[in-house]
Structure formats: structure tokens, C-alpha cells
Amino acid sequence: MEKCLVCKKNPGPPKTLITIRTLHIRDLGGEKKVQAVGNVIEEWVCGSCIQKEMDHALNPGKIIWKKTMLYAVLAAAGIAIAVFFHERVLRIFGAAAVLCAVLCLYSDLTKISKRRKSTIDNSPEENNTFYSLELIRRNLPRKNGEEDLTYIPMERSLVSASLGDMGVEYGLIPEIARQVRDITAKHFALSSSAGDMETGKIL
Ligand SMILES: [Zn+2]
């Protein structure tokens, strides 16, 4: 369906992604990860949804205000518990809530500021790719029954990526990282030979 995944209106150019299905199995030996490559899908988001996302990153005032309010409520509740209750456990709990609010706010503000800086530093093309992929991944299903679903953008850089790096970046077991790399290599080999044919026809 060629429509924007977010606003269901005018699509931009498609992005191709590889679906990864992951099942976490817990048994006596601990947790095991069973992984498989799922469908290769194409998804679209439109320019105005990407622009909105970029604007939020560049002007984070509203989101900073919301987060500050949220953590202020948590900290106030923590202070109230620590001050008004006399049980030691509750006082520790109250103090922990205050500490958690401060640390969470600090961590969120750091992330917001990094996101703003990278949006300013990156080229329009880099921002376009980054925000369109982020929007697509955020709006696709994350679960299929017991399985976790994740999506890897099919980019040319994957063809030469090391299996270790892919494992770390996308949480892939080595065999699945190899399959993803093979599928990507095949995709780009096919698309470049289709491009050659096209050029041949024109000539
Ligand atoms: Zn849209």
C-alpha cells in the first residue's frame, strides 16, 4: 500500500527493510534467543511527517517542559513519602523516587540535546533518511504473538559490514547477521544489474 505509514496520505520514496523475528525462550539453562529472517518489506512516510519530526527535534521546548513536569511530580511524591512517613522502608522508597526523577530527567535532557545537535550537524539527506526510518520503525508492529519484530533498513553499507558490528547494532545472532548481509548483497547486485539493463535499453 503506497501511502504514508503515519498520516496515510501522500507517500514519499519507499524504504526497504528486512523483518527480524526473535523469540526469547526461557528454560532451566537460562534464556535462549531463537531468531529468523522474516519478510522484506517496503514502507513509506511522507515529507511533511518527516519535517514535523525534525521540527520537534530542533525545537524541543514543549517536550522538555512535559518531561520536567512529569519528573517533578515523581520527585514531589518521593519527597512527600520521605517526609510524611516514618517507616524506614517507605522513606528509602521516597528518596529513591527523587533520585530516579533527577537521573531520568538528566538522561532524557542529554538525549534531547544530542538529537538536536545531530539534526543541526547532519545534511538534509542524512536527516531525511534518519527520521523516515525512525518513523517507519516506530509505526510498524513490534510483536507477532510471542515473537518480537525488529526491522533493519536495507542499506548498501550492510554489504561490507562485519557480522560482529551487525550483531551489536541490531541484536542479531551471527547466522542471522550473515543471512541479512547476503540478502542485502543480492538486493543491490540485482538492482544494479537492473539499472545496467535500463541504461542499455536507453542506449
Ligand atoms: Zn505522512
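S3 and S4 pair in the antiparallel sense over two bridges. Here, two strands count as paired if DSSP finds at least two bridges between them. Strands are DSSP runs of E with at least two residues, helices are runs of H or I with at least four residues, and both are numbered from the N terminus. Before you click further, note that this is a predicted model: local features need pLDDT of at least 70, side-chain atom pairs count only at pLDDT 80 or more, and totals for chains, interfaces and linings use all residues. Residue numbers start from 1 along each chain as its sequence is written.

Select Asn144 and look across to S4, where Glu147 is its bridge partner. Then pick Gly145: in this hairpin, which has two residues between the strands, Gly145 takes a positive phi near 65 degrees.

**The rest of the sheet**

Now show strands S1 to S4. Together the four strands form an open sheet in the order S2-S1-S4-S3, with antiparallel pairing. S2 and S3 (143–144) stand at the edges with a single partner strand each, so one side of each is left without a neighbour in the sheet.

Select S1 (residues 15–27) and S2 (residues 30–43). These antiparallel strands are joined by 12 bridges, and they form a hairpin with two residues between them. For a landmark, click Ile25, which stands opposite Lys32 in S2.

Next, turn to the other partner of S1. S4 (residues 147–153) pairs with S1 in the antiparallel sense over six bridges. Two pairs to highlight: Thr22 stands opposite Asp148 in S4, and Arg21 has Leu149 in S4 as its bridge partner.

**Helix H1**

Select residues 47–58. This is H1, with 12 residues, and it reaches 16 Å from its first C-alpha to its last, close to the 16 Å expected at 1.5 Å a residue (the expected span being 1.5 Å times one less than the number of residues).

Which residues of H1 are buried? Highlight Cys49, Ile50, Glu53 and Ala57. They cover an arc of only 100 degrees around the axis, which puts them on the same side of H1; the arc is that of the directions from the helix axis to the C-beta atoms. "Buried" means 20 or more other C-beta atoms within 10 Å of the residue's own, "exposed" means 12 or fewer, and "partly exposed" is in between, with C-beta atoms placed from the backbone.

Lys52 is partly exposed because 15 other C-beta atoms lie within 10 Å. Draw a distance from Lys52 to Tyr131: their C-alpha atoms are separated by 9.7 Å, although the two are 79 residues apart along the chain.

Jump to Cys4, in the segment before S1. Cys4 counts as buried, with 22 C-beta neighbours inside 10 Å. Leaving aside its neighbours within four places in sequence, Cys4 is in contact with Lys9, Asn10, Pro11, Trp44, Val45, Cys46 and Cys49 (contact means C-beta atoms, placed from the backbone, within 7 Å). Another distance to draw is Cys4 to Ser48: 44 residues apart along the chain, with C-alpha atoms separated by 9.9 Å.

**Zoom out**

Finally, bring back the whole chain. There are six helices and four strands, following the pattern β-β-α-α-α-α-β-β-α-α along the sequence. Colour domain 1 (15–48 + 123–194) and domain 2 (59–121) separately; the bounds come from an automatic or database domain assignment. Their C-alpha centres lie 33 Å apart.

The C-alpha atoms fill a box of roughly 85 × 50 × 30 Å, taken along the principal axes. Of the 203 residues, 16% count as buried.

Methods:
Two residues are in contact if their C-beta atoms, placed from the backbone, lie within 7 Å.
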